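Hi,

Here is the structure I said I would pass on.

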Amino acid sequence: MLGKSIYLVCMALLCLPFLSGCWDSLDIEKRATVLAIAIDKAQSGAEEKEDDISHLNEREPVQDEEMIRLTAQIAVPGRIPLGPETSGGGGEQQEPVWVLSVVGHTIDDAILNMQQELADEIFLGHLRIIAISEEVAREGIQQFNDYLRRQPEVRRTAWLAISKEKAHQYMKIMPKLERVPALYLTEMVENFVDLGRFPNDFIGIFWRELSSKGQDAYLP
């Protein structure tokens, strides 16, 4: 009887961790889901637009590196279409994404500045495409690679592409063939890959080639 009692107590203790539930769960509607990101050089005087919430000018030393402008497409909860589009019904059509632009000294700094303007926590788990202007890319993208590779939410199947124009322009497009702009941009790149015009080189493959000796990494 004593051995049976000890066995039951041990089994109960082993089951306790499985009964704890999702203590750290976060409702998807309480997240600011970022679908696409664009990175450009910030215009002169961008330092004046930084918020003192993130940078206390009297305490923090002024950083010397050139600032960047980060523009993001953020999904609006309840407006992302989940099925076929239906006609009729009247009323004004609401945009499924919110385009938000901030400046920062680094991509991490810019995302922290963006978080100051959002009530919900930023979530990068559904990030589909990152567009970097050629002007920024020619000066090197190592700082972006370092942050994105250390960010566990960023999927290796996302696309990293170079834009000859200002990259933020692609965050503001409203295509007629797709209701979510970020998905349209992703499908556009994937279609070019199928046609042989772009390399099949999403961000995971790019990082692998960048870290390999004897291989040259490239981007669409």
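Of the 220 residues in this protein, 37% count as buried, where buried means under 20% relative accessible area, exposed means over 50% and partly exposed is in between (1.4 Å probe, protein chains only). Before you go further: this is a predicted model, so local features need pLDDT of at least 70 and side-chain atom pairs count only at pLDDT 80 or more, while totals for chains, interfaces and linings use all residues. Residues are numbered from 1 along each chain as its sequence is written, and side-chain values use heavy atoms, with hydrogens and water left out.

First, the overall layout. The protein has 6 helices and 6 strands; these are DSSP runs numbered from the N terminus, with helices being H or I of at least four residues and strands being E of at least two. Going along the sequence, the pattern reads α-β-β-β-α-β-β-α-α-β-α-α. If you take the contacts (heavy atoms within 4.5 Å) between residues at least 6 apart in sequence, 76% of them join residues at least 24 apart.

Now the strands, starting with β2. Strand β2 spans residues 68-75, and 8 of its 8 residues are buried. Ile-68, Leu-70, Ala-72 and Ile-74 point one way from β2, while Arg-69, Thr-71, Gln-73 and Ala-75 point the other way, and all are buried. What does β2 pair with? One partner is strand β1 (residues 31-41), in the antiparallel sense over 7 bridges; two strands count as paired if DSSP finds at least two bridges between them. Ala-36 stands opposite Gln-73 in that pairing. β2 is also joined to β3 by 8 bridges, and these two run antiparallel, with Ala-75 opposite Val-97.

Gln-73 is worth a click. Is Gln-73 buried or exposed? It counts as buried, because its relative accessibility is 0%. Leaving aside neighbours within four places in sequence, Gln-73 is in contact with Thr-33, Val-34, Leu-35, Ala-36, Val-97, Trp-98, Val-99, Tyr-170, Met-171, Pro-181 and Ala-182.

For a contrast, go to the loop between β2 and β3 (97-104), where you will find Gly-78. Gly-78 is exposed, with a relative accessible area of 80%. The C-alpha atoms of Gly-78 and Pro-96 are separated by 8.1 Å, though the two residues are 18 apart along the chain.

There is a parallel pairing too. Strand β5 (residues 129-133) is joined to β6 by 5 bridges, and the two run parallel. Ile-130 stands opposite Leu-160 in β6. β6 is mostly covered, with 4 of its 5 residues buried.

On to the salt bridges. How many salt bridges does the structure hold? There are 5, taking a salt bridge as a side-chain nitrogen of Lys or Arg within 4 Å of a carboxyl oxygen of Asp or Glu. Among them are these:

- Arg-138 meets Glu-134 at 2.7 Å, N to O. Arg-138 is exposed, at 67% relative accessible area.
- Lys-164 meets Glu-134 as well, at 3.6 Å, N to O. This pair links distant parts of the chain: Lys-164 sits in the loop between β6 (159-163) and α5 (181-194), and Glu-134 is in helix α3 (residues 134-137), 30 residues apart. Lys-164 is exposed, at 69%.
- Lys-166 bridges to Glu-135, with the closest N and O atoms 3.3 Å apart. Lys-166 is in the loop between β6 and α5 and Glu-135 is in helix α3, so the pair ties together parts that are 31 residues apart in sequence. Lys-166 is partly exposed at 34%, and Glu-135 is partly exposed at 40%.

Glu-134, Arg-138 and Lys-164 are linked in a network of salt bridges.

Last, a pair of helices. Helix α4 (residues 142-150) packs with helix α6 (residues 203-211) at an angle of about 115 degrees, and their axes are 12 Å apart. Axes here are lines fitted to C-alpha atoms, for helices over the stretch in contact, and angles run from 0 to 180 degrees between N-to-C directions. Which residues of α4 and α6 meet? Gln-142, Asn-145, Leu-148 and Arg-149 in α4 meet Ile-203, Phe-206, Trp-207, Leu-210 and Ser-211 in α6. By class, that contact has 5 nonpolar, 3 polar and 1 charged residues; Ala, Val, Leu, Ile, Met, Phe, Trp, Tyr, Cys and Pro count as nonpolar, Asp, Glu, Lys and Arg as charged, and the others, Gly among them, as polar.

Cheers
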